[in-house]
Amino acid sequence: VPSTPSQMFHLLRRQMIRKIRKPLIIMSPKSMLRQKKSVSSLEDLADGEFYPVIPENKKFNLKKVRRIIACSGKVYYDLLAYREEHKIEDVAIVRIEQLYPFPHEEFQIEVNRYSRAKDLLWCQEEPGNQGAWHRIQHYLLQHLGLDQTLNSAMRPSSASPAVGYLAKHNFQKKELLEAAFCRRI
């Protein structure tokens, strides 16, 4: 689930130069093409590589981080905008760009970086019965510390991936973001 142009480029490049070809499934909505914050520098394109986990890029006081939000795809940009708008300084956002095979080592490094965080929260825009949650929750549990808990923030379960009404979509999105940052667990 690449979230920047350089990630998409290096993902496709990696696929082509591998000696053994495996199926590649990319889940990326068209709206990512219009996302103003989804940009890459020329250096990222020329000298970068595909990163299965993208760490938090804001400099935090590591001792003050109370929650790690793990996410994948375009919901990252919604989380980032909410955090900036509400000036939240104690929540780190980690992007998991490769869902399978799960990047255990890279993810563990990020969880260890925020050892004082009391919980790890998986956030996805999809309804609870869809998306990556059921596929990766057992992987996320493997990386928790002894005093950490795993929680989730997602839309209510639904037979359809979209609610069909813009007002309801925006209301659920607002609830999702509030749950990701504000809910005390």
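A salt bridge here is a side-chain nitrogen of Lys or Arg within 4 Å of a carboxyl oxygen of Asp or Glu. The structure is a predicted model, in which local features need pLDDT of at least 70, side-chain atom pairs count only at pLDDT 80 or more, and totals for chains, interfaces and linings use all residues. Residues are numbered from 1 along each chain as its sequence is written, and side-chain values use heavy atoms, with hydrogens and water left out.

## Salt bridges

With that rule in hand, the count comes to 11 salt bridges.

| Pair | N to O distance |
|---|---|
| Glu 84 and Lys 37 | 2.8 Å |
| Glu 110 and Arg 113 | 2.9 Å |
| Lys 174 and Glu 178 | 3.2 Å |

Let's take the Glu 84 and Lys 37 salt bridge to begin with. This pair links distant parts of the chain, 47 residues apart: Glu 84 sits in helix 3 (residues 75-85), while Lys 37 lies in the loop between helix 1 (5-17) and helix 2 (42-47). Helices (H or I, at least four residues) and strands (E, at least two) are DSSP runs, numbered from the N terminus. For accessibility, buried means under 20% relative accessible area, exposed over 50%, and partly exposed in between (1.4 Å probe, protein chains only). Glu 84 is partly exposed at 43%, and Lys 37 is partly exposed at 43%.

The other two pairs each stay within a helix. Glu 110 and Arg 113 are 3 residues apart in helix 4 (residues 104-113), so about one helical turn separates them. Glu 110 is buried, at 5% relative accessibility, whereas Arg 113 is partly exposed at 35%. In helix 6 (residues 166-182), Lys 174 and Glu 178 are 4 residues apart, again about one helical turn. Lys 174 is partly exposed at 48%, and Glu 178 is partly exposed at 31%.

Elsewhere, a network of salt bridges links Lys 74, Glu 125 and Arg 155.

## Nonpolar cores

A nonpolar core is a set of buried Ala, Val, Leu, Ile, Met, Phe, Trp, Tyr and Cys residues joined through side-chain atoms within 4.5 Å. The largest one has 24 residues, of which Ile 96, Phe 107, Leu 120, Trp 122 and Leu 140 touch the most other members. At least two residues of this core come from each of strand 2 (67-71), strand 3 (91-96), helix 4, strand 4 (119-127) and helix 5 (133-142). Helix 5 supplies the largest share, 4 residues. Apart from this core lies another, of 20 residues, including Ile 69, Tyr 77, Ile 88 and Phe 181.
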